[in-house]
Amino acid sequence: MSNLTDAEFADKTGANVPADQTGRQLYHEDGEGRRLNNAQNVNWVTAGKMLPVKNQGGCGSCWAFAAASAMEGVQAIKNGSKIRLSEQEGVDCVAKSHGCGGGWMSHYWEWTKDNNGAQSNEDYPYEA
């Protein structure tokens with residue numbers, strides 16, 4: 001699924017992709033700056049680049065968990081760091097989304113870009 005454009009993903013899953021998010025083709029890097037044509041060439045879990053699975057509880061914050069996990073993975077791939085980022089910050093601060101009522105990963109990423117990054121979970125723990 002990660003190799004699909006947002007429009008292709010929406011077509012296959014029925015997801016409602018925001019209009020400003022369509023048309024991007026994704027690619028993957030191997031951690032050393034080389035682009036991969038096929039994401040199956042690297043398993044980031046077995047490569048030790050992903051943190052353990054987390055539990056969002058009864059809050060509809062899957063969007064914040066997915067966004068934070070993706071950013072954690074990129075950081076681990078790029079520089080080897082394994083810092084758990086704050087999903088709660090996304091739930092509380094990303095005005096374009098709806099906290100525990102749902103949201104979009106892209107809104108959290110946009111928010112972190114505009115606000116100089118995300119807090120760690122240690123500094124801003126998850127409470128749902």
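Helices here are DSSP runs of H or I with at least four residues, strands are E runs of at least two, and both are numbered from the N terminus. We're looking at a predicted model, where local features need pLDDT of at least 70, side-chain atom pairs count only at pLDDT 80 or more, and totals for chains, interfaces and linings use all residues. Residues are numbered from 1 along each chain as its sequence is written, and side-chain values use heavy atoms, with hydrogens and water left out.

Q: Where is A128?
A: A128 isn't a glycine, yet its phi is positive, near 70 degrees. As for its place, that's the segment after α4.

Q: What is the phi of N116, roughly?
A: N116 sits in the segment after α4 (105-114). Its relative accessibility is 79%, so N116 is exposed. Although not a glycine, N116 has a positive phi of about 60 degrees.

Q: How far apart in sequence are the parts that E87 and K54 tie together?
A: E87 forms a salt bridge with K54 (a side-chain nitrogen of Lys or Arg within 4 Å of a carboxyl oxygen of Asp or Glu), with the closest N and O atoms 2.8 Å apart. E87 belongs to helix α3 (residues 87-93) and K54 to the loop between β2 (35-36) and α2 (62-79), so the parts they tie together are separated in sequence by 33 residues.

Q: Which residues are linked in a network of salt bridges?
A: R84 and E87 also meet through their side chains, at 3.1 Å from N to O. E87 is buried at 0% relative accessibility, while R84 is partly exposed at 30%. The linked residues are K54, E72, R84 and E87.

Notes: Buried < 20%, exposed > 50% of the residue type's maximum accessible area, 1.4 Å probe, protein only.
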